[in-house]
Amino acid sequence: MAKLVYGLNQSLDGYVDHLAFKPSLALFRHFIGHVRGLTGIVYGRRMYEVMRYWGEDQADWAADEQDFAAAWRSRPKWVVSRSLKSVGPNATLVADDIEGVIRGLKAQPGGEISVAGPDLAGSLTNPGLIDEYHLYLHPVVTGGGKPFFSGPRPPLRLVSSDLVAEGVIRLRYVPA
């Protein structure tokens, strides 16, 4: 079975805000390798719209940005939205039976499917669909924004922690 993992960068006070802090080069390289290893990615509408930036090459991109974009484009994506009418290449729009679609993805052999978006992750928590939570804690306090846990707050058990880049710690939790 595939494993469904919700993970995002967040501030020390628990908020995800891609404009509040930028990953270092070392962390960016970590995410290039991470995305290359994914079976696929499930997005909520807002997070998908943010990530579509990587869908078309930009003239001023460095080699690492090109590598990330290539990895991102190569992964299958499922976009959960009732308002979008279409999605880009290598993406499937999921408007109905979200829980059924996710259960079907998890039933596929092996691999890791990333969940991106706090609201989407919140909706997948109560039915017990998320297998792991990865919190990438940055040494930043934002004072506000979108909380990492925007819905139910599941009981969790820490399974590992590691320093992945300068000052950024990844905490890995599983449902308790």
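**Exercise 1.** At what angle do α1 and α3 pack, and how far apart are their axes?

*Solution.* Keep in mind as you look that this is a predicted model.
- Step 1: Compare the two helix directions; α1 and α3 meet at an angle of about 25°.
- Step 2: Check the spacing, where the axes of α1 and α3 lie 9 Å apart.
- Step 3: Classify the angle. Angles under 35 degrees count as roughly parallel, so α1 is roughly parallel to α3.
- Step 4: Find the residues that touch. From α1 come Leu25, Phe28, Arg29, Phe31, Ile32, Val35 and Arg36, and they meet Asp64, Glu65, Asp67, Phe68, Ala71 and Trp72 of α3.

**Exercise 2.** Stay with α3 and work out whether its length agrees with what 1.5 Å a residue should give.

*Solution.* 
- Step 1: Helix α3 takes in residues 63–74, which is 12 residues.
- Step 2: The expected span is 1.5 Å times one less than the number of residues, so α3 should span 16 Å.
- Step 3: The C-alpha atoms at the ends of α3 are 17 Å apart, in agreement with that expectation.

**Exercise 3.** Which residues of α3 are buried, and what covers them?

*Solution.* 
- Step 1: Pick out the buried positions in α3: Asp64, Phe68, Ala69, Ala71 and Trp72.
- Step 2: Around the axis these residues cover an arc of only 165°, so they sit on the same side of α3.
- Step 3: Look at what lies over them. The cover includes α1 (25–37), β3 (40–44), α2 (45–51) and β4 (77–80).

**Exercise 4.** Is arginine 170 buried or exposed?

*Solution.* 
- Step 1: Locate arginine 170 in strand β10 (residues 168–175).
- Step 2: Buried means under 20% relative accessible area. Arginine 170 has 16% relative accessibility, so this residue counts as buried.
- Step 3: Not counting residues up to four places away in sequence, arginine 170 touches His30, His134, Leu135, Tyr136, Ser160, Ser161, Asp162 and Val164.

Terms used
Residues are numbered from 1 along each chain as its sequence is written. This is a predicted model: local features need pLDDT of at least 70, side-chain atom pairs count only at pLDDT 80 or more; totals for chains, interfaces and linings use all residues. Side-chain values use heavy atoms; hydrogens and water are left out. Helices (H or I, at least four residues) and strands (E, at least two) are DSSP runs, numbered from the N terminus. Buried means under 20% relative accessible area, exposed over 50%, partly exposed in between (1.4 Å probe, protein chains only). The arc is that of the directions from the helix axis to the C-beta atoms. Contact means heavy atoms within 4.5 Å. Axes are lines fitted to C-alpha atoms, for helices over the stretch in contact, and angles run from 0 to 180 degrees between N-to-C directions. Angles under 35 degrees count as roughly parallel, over 145 as roughly antiparallel, 65 to 115 as roughly perpendicular and the rest as oblique.
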